Each structure stands twice: as structure tokens, then as C-alpha cells.
Amino acid sequence: MTIHLARILTIAVLSACLGLAQDSKPIPRTANGKPDLSGVWQGGGVSLYGEPGLSKRPAAPPPVNPPPKREPVPYQSWAETKSKTFTATDDPTLACLLPGVPRITSMPMPFEIVQTPKEIVIAYESFHAFRIIPINDKLQHPNDLVPTWMGDSVARWDGDTLVVDVTGFNDKTWLSGTGSFHSEDLHVVERFKLNSDDTITYTATVTDPKVLTKPWTTGALLRRPANTRVEEYECIENNQDAAHMHLKK
Amino acid sequence: MKTPKLRALLAAYAGLILTAVPVLAHHSFAAEYDSKEVTLTGVITKVEWTNPHIYFYIDVKDASGTVVNWAVEGYPPNTLKRTGFTRDDLKVGDTVTVTAYRAKDSADRVAGREVTFPGGGKKFAGPAAGGGPPSGYK
């Protein structure tokens, strides 16, 4: 009887401890106390979630901190008209060109974050893109920027959230879907928040006063893909799609 | 013409929009391929384990006995490797059956879906038609 009671008590205490541990599970931190974002992450794709509806893997649990719902891009009326003139065959990535920010974050391929106290490096499998992001509390960009596909990124820590300020874009990338063009005035502010369930809530606020009526926010939930390392993706190697699709035009 | 089933699938995807991504990685499925599924059985003649998508080629005999060499496009190599479909799964000389979707611009090219190997095993070479939004997330 005593043994039985002791067992019940032990189970009760262990359960309480486990519950407590789950609720207050700390996020990993670097030596200087910042959230440790380092490692391989991915925003989606069959290699992360399995075949839609057919996967034998258990479904991913709902995130503790879901990203914002994606709304349509709020174009000025002339820009909305222009946006509709594009088709999928105009997609810059069809020609293996860099997807820009924030679009690259949701590509169905992994990327690795390397973190030091002075900079964050993101090495993307998709399109061989990389970003070297100095941590600079004033978010000061170099003054000699020439417009580029991925823009220029600088970062600061806002509490436990990494804030990345990106500017210096060319006007050749798309923000998200077909025809979502922008101007060289594009300015993106990204926020990377590491959560207790080992996910990152990624949000990007996009402003472009020449083209948009108001800021546009998009987001993604980043997870750690199992047993995955960032590997080579030489997109141009056998890119027959561009020719196939343009033949049709 | 969308079938109710496809509509349901698309609706299901709409719910996943935050994590939805282009399944063919860098181009629009709908712009390039038909959504009607066809089945091809043939002998593998060549394998291109390449980016941005793999291709393999199969000799398929039609009803009149004429052999046509079909090109089958699939996921990028890294995606296949990560989902358990390896380069060694496609062997020149093997007879395979492939469910697929025909290209809109070509009589002998398809987007491959499920491959049945000589031993009866099955693996997905590429996405289902409508299996996700095209190259963006709009």
C-alpha cells in the first residue's frame, strides 16, 4: 500500500515537473545572451512537411507563435494594373535569377544561419544566395550602395528579436507571387523571433511608397528540417523550363 | 476546368498559405503543365540528375507500336534525396510506370508524379497537379 502511494506521488511530482519544464522551456542562447538562431532552417516544401495529404510523418504541431496572415500586396491603382500584365513566364527566378528579400525565405529549400556577436550570415541553398549581415545598432547601411537583387542588410537586436533592415534593391525581383513587382525604393524590415517550440517566426514589413499604398507584411514559420544540411543548387545547369515556357508565349 | 476534388485540394492549400511554397521550386507548374493525369510505361533511356529539376527519359510504345521517347521532369535532386528518392532508383534499362501531367507545349514531355519501379515500389518524382501555388505565394 505504501509502495503504491509512493508510486502515485512520484508520478504526480514527475508529471508536474515535466509540465513546468514544457511551459518554461528556455530558448538556446549564445555566450553573450542573445537567442541562438544558428543552424539549418526551412520555410516549407515536401522535404520539410512531406507530400501534402499523403505524408506518413506525424503532422507538425501548431506553432506557439504563428506568423501573420499574408494579405494581398496593396498596390497603387496604376501598379495593380501593371502587376496584372505579368505572367508566370516573366518570373525572374524562372531564369535562375536571385529571388530577393523577403521572397527567398519561403523557398522550399533549407538555409543555414551562422551567428557571431558581430554579424549574422545566412547561406541559402536556393539560388546560391548568401547574406552577410553586420550587427549595427544604428542600422547604418554603406553609403556607396548600387542596387542589387538581394539588397544590403544590417541588423540589430530588439530584445530577443533579430531585426534586419534591408535596402539597396534593384527593381527586378518580385515580392511574392506572379507580377508582384516593386521599385528601387523597396525597404524591407525583417524580424526573426526564436520560439520555445524551436521554430522561428519570420515577419517582413515591406514599404515602397512609389508603388504601394501602405506597408505590406508577410511572414513564414521556419522549422529545423531533420537530418538536413545546405547543399548545392546550381539552378542554371539544366534549366529547360524557361525555354519551354517562353516557347509557349 | 477544375474538378470538385481539385477545388477541395486548392482550398486545403489556401489554409496552408503561410507555409506554402512553390513545389517545383523555381517555376510555375500551371503555366507549363496540364492538370489531367496520364500514365506512361516505358524503358528508361537516360537520366539527368540535374538542377533545377531532374529529367529522365523513357521509351514508350504507343498503340500502333511506334516508340516515342518521353521526357519526364521531377523535383530538384536535393528535394528527391531528402524525400528518399535517390539517383540510384532510376536505372537505364529498367521498365517503369509513371503517372504524370503533359506539357502544354510539347507532345512528348511530362511532369512526373509517381514512379512505380520494377520491384513494385513507388515513389513520388514530382508534385501533384495543383499541389501548391505557382512560383510565388500570391
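Modeller: Gladly! A residue counts as buried if 20 or more other C-beta atoms lie within 10 Å of its own, as exposed if 12 or fewer do, and as partly exposed in between. By that rule, 41% of the 138 residues of chain B are buried. Please keep in mind that this is a predicted model.

Let me stay with chain B for a moment. Among the contacts in chain B with a separation of 6 or more, 60% join residues 24 or more positions apart. One peptide bond in this chain deserves a stop: the one from Asn51(B) to Pro52(B) is cis, with omega near 0°. You will find Pro52(B) in the loop that runs between β1 (33-48) and β2 (55-61) of chain B.

Now over to chain A, where four strands make up an open sheet in the order β1-β2-β3-β4, with antiparallel pairing. The edges of this sheet are β1 (39-41) and β4 (130-134) of chain A; each has a single partner strand, so one side of each is left without a neighbour in the sheet. From one strand to the next, the twist averages 20°.

Next, follow chain A into the loop between α3 (77-83) and β2 (111-115), which holds Pro102(A). The peptide bond leading from Val101(A) to Pro102(A) is cis, with omega near 10°. Cys96(A) sits in the loop between α3 and β2 of chain A too. Although Cys96(A) is not a glycine, its phi is positive, at about 70°. How enclosed is it? Cys96(A) has 20 other C-beta atoms within 10 Å, so it is buried.

Further along chain A, Asp198(A) lies in the loop between β7 (187-194) and β8 (200-207). Asp198(A) is another residue other than glycine with a positive phi, here near 60°. With 14 other C-beta atoms within 10 Å, Asp198(A) is partly exposed, whereas Cys96(A) is buried.

Terms used: Residues are numbered from 1 along each chain as its sequence is written. Chains are lettered from A and ligands numbered from 1 in the order in which they are written. This is a predicted model: local features need pLDDT of at least 70, side-chain atom pairs count only at pLDDT 80 or more; totals for chains, interfaces and linings use all residues. Two residues are in contact if their C-beta atoms, placed from the backbone, lie within 7 Å. Two strands pair if DSSP finds at least two bridges between them. Helices (H or I, at least four residues) and strands (E, at least two) are DSSP runs, numbered from the N terminus. Axes are lines fitted to C-alpha atoms, for helices over the stretch in contact, and angles run from 0 to 180 degrees between N-to-C directions.
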